[in-house]
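Colleague: I have a model open beside its sequence, and I would like to learn how to read it feature by feature. Could you take me through it, with the general idea ahead of each case?

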Amino acid sequence: MTLSGASGAYGSSITSYTITGGGWTATNGALTTGTLASAGNITFTATVTDSRGRKASTTRTISVIDYTKPRVAVCDVYRCDAGGSRKKAGTYFAVEINASYSAITGNILNLTARYKKQSESSYGTAADVTNNGKTVLGGGNIGASTTYDVLVTVADKYNSLLIQRTLSTKSVLQSFKRSAGAAIGKVAELANWLDVAWDTRVRGTVQADSYTPVNRDDASSNPIVFVPRVTYGTLGLTGSSGSEYFKQWLIWVCKAYPNKYMLLCIGTQHPNSVGIVLCHIYNTSAVNAAGLPEYATGKYFALGGGEIAFGTVDYSFYQK
């Protein structure tokens with residue numbers, strides 16, 4: 001807000017200016033606010049004082065529209081034919097997305113998708129994606145025997161959100177690779193790996209003799225990260241609060257694995273309750289001063305039954 005045209009009368013001069021409003025104050029002829037704490041109508045008052053001590057004021061009101069970061073209700077990516085019909089061995093892929101944003105003046109929503117073979121290190125050129133609709137991409141070049149990563153970007157003028165999806169190979173019962181690789185439910189692509197495309201249920205004990213840290217700085221793959229057991233002692237906690245354990249566990253993971261996308265962490269819950277923790281942390285570098293990630297979703301599965309959901313939204317921890 002800028003104040004202009006003020007002048008003294010009968011030989012006086014203007015000696016001071018004050019502009020206040022929205023929790024901000026300036027003592028000259030211009031006020032540039034920081035972030036306004038609330039939406040709605042905000043009134044600003046400008047006051048001038050002359051050399052004789054006389055004052056004059058004027059007010060102006062502005063309308064402030066609330067802003068929220070872009071959000072996504074649905075993002076479905078799948079193999080298809082040229083017409084967009086789902087095909088397990090399709091050589092095209094479709095993106096169906098339903099995103100929302102704050103339609104304030106000057107703000108726009110941009111949706112794009114890029115893709116690459118999972119074995120490649122960088123994505124190709126971004127293509128525009130239609131909101132609340134279906135966009136068919138790939139040009140018939142999506143090989144049915146190759147796994148692809150798709151990165152969808154939802155962005156407005158102020159913030160962006162990255163969504164990673166995977167296009168698996170065509171569906172087959174079992175497949176073997178000459179270099180000692182095997183796959184179930186998909187085509188074998190990885191040497192010396194058993195690659196399973198189906199949901200897998202293990203009724204007996206699972207033992208992992210080692211785990212591999214994620215050495216990636218983007219969302220280009222879907223690793224399962226086996227996080228070591230983190231006890232109460234490791235976190236410096238006392239008592240038996242599951243909520244506090246989950247919160248501190250998230251903080252520990254973000255510190256232990258900085259600048260990573262943790263698409264699935266697996267760890268054990270505190271000693272007072274045996275179970276498994278599964279967690280999806282979207283970016284361990286996006287943390288607040290306390291160390292909590294911006295977005296994370298997790299579940300604790302108690303052995304013998306019971307399920308607890310927890311996570312963070314805009315750095316705020318929740319447990320359901």
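Colleague: Through how many residues does a hairpin join β10 to β11?

Modeller: Strands of a sheet pair through backbone hydrogen bonds, either parallel or antiparallel. Here the hairpin from β10 to β11 passes through four residues, and β10 pairs with β11 (residues 160-167) in the antiparallel sense over eight bridges. Strands and helices are DSSP runs numbered from the N terminus, a strand being E over at least two residues and a helix H or I over at least four, and two strands pair if DSSP finds at least two bridges between them. Within this pairing, Leu151 has Gln164 of β11 as its bridge partner.

Modeller: Before we go on, please note that this is a predicted model, in which local features need pLDDT of at least 70 and side-chain atom pairs count only at pLDDT 80 or more, while totals for chains, interfaces and linings use all residues. Residues are numbered from 1 along each chain as its sequence is written, and side-chain values use heavy atoms, with hydrogens and water left out.

Colleague: Which way do the side chains of β10 point, and are they buried or exposed?

Modeller: In a regular strand the side chains alternate between the two faces of the sheet. In β10, Tyr148, Val150, Val152 and Val154 point one way, whereas Asp149, Leu151, Thr153 and Ala155 point the other way, and all are buried. Buried means under 20% relative accessible area, exposed means over 50%, and partly exposed lies in between, with a 1.4 Å probe and protein chains only. By that count, eight of the eight residues of β10 (residues 148-155) are buried.

Colleague: In what order do the strands of the open sheet lie?

Modeller: The order is β12-β13-β14, three strands with mixed pairing. Because β12 (174-177) and β14 (194-196) stand at the edges with a single partner strand each, one side of each has no neighbour in the sheet. Strand β13 (residues 181-184) and β14 run parallel and are joined by three bridges, with Ala182 partnered by Leu194 in β14.

Colleague: How should I read a salt bridge, and how many does a search of the whole structure find?

Modeller: Side chains of opposite charge can pair when their charged atoms come close. A salt bridge is taken as a side-chain nitrogen of Lys or Arg within 4 Å of a carboxyl oxygen of Asp or Glu, and the search finds eight. One of them links Asp50 with Arg54, the closest N and O atoms being 3.0 Å apart; Asp50 is buried at 8% relative accessibility, whereas Arg54 is partly exposed at 38%.

Colleague: Where does Arg54 lie, and which residues does Arg54 touch?

Modeller: Arg54 sits in the loop between β3 (40-50) and β4 (55-64). Leaving aside residues up to four places away in sequence, Arg54 touches Ala9, Tyr10, Ser12, Val48 and Thr49, a contact being heavy atoms within 4.5 Å. Arg54 and Gly8 are 46 residues apart in sequence and 9.3 Å apart in space, C-alpha to C-alpha.

Colleague: What does the salt bridge between Lys69 and Glu294 tie together?

Modeller: The side chains of Lys69 and Glu294 meet at 2.4 Å, N to O. Lys69 lies in the loop between β4 and β5 (71-80) and Glu294 in the loop between β17 (275-281) and β18 (295-302), so the pair ties together parts that are 225 residues apart in sequence. Lys69 is partly exposed, at 28% relative accessible area, while Glu294 is buried at 15%.

Colleague: Over which residues is the pLDDT below 50?

Modeller: Where pLDDT is low, the predicted coordinates should not be read in detail. The term denotes the predictor's confidence in each residue, from 0 to 100, and the protein averages 83, with 88% of the residues scoring at least 70. The pLDDT is below 50 over residues 213-222, a stretch with 29 contacts in the model beyond near neighbours in sequence.
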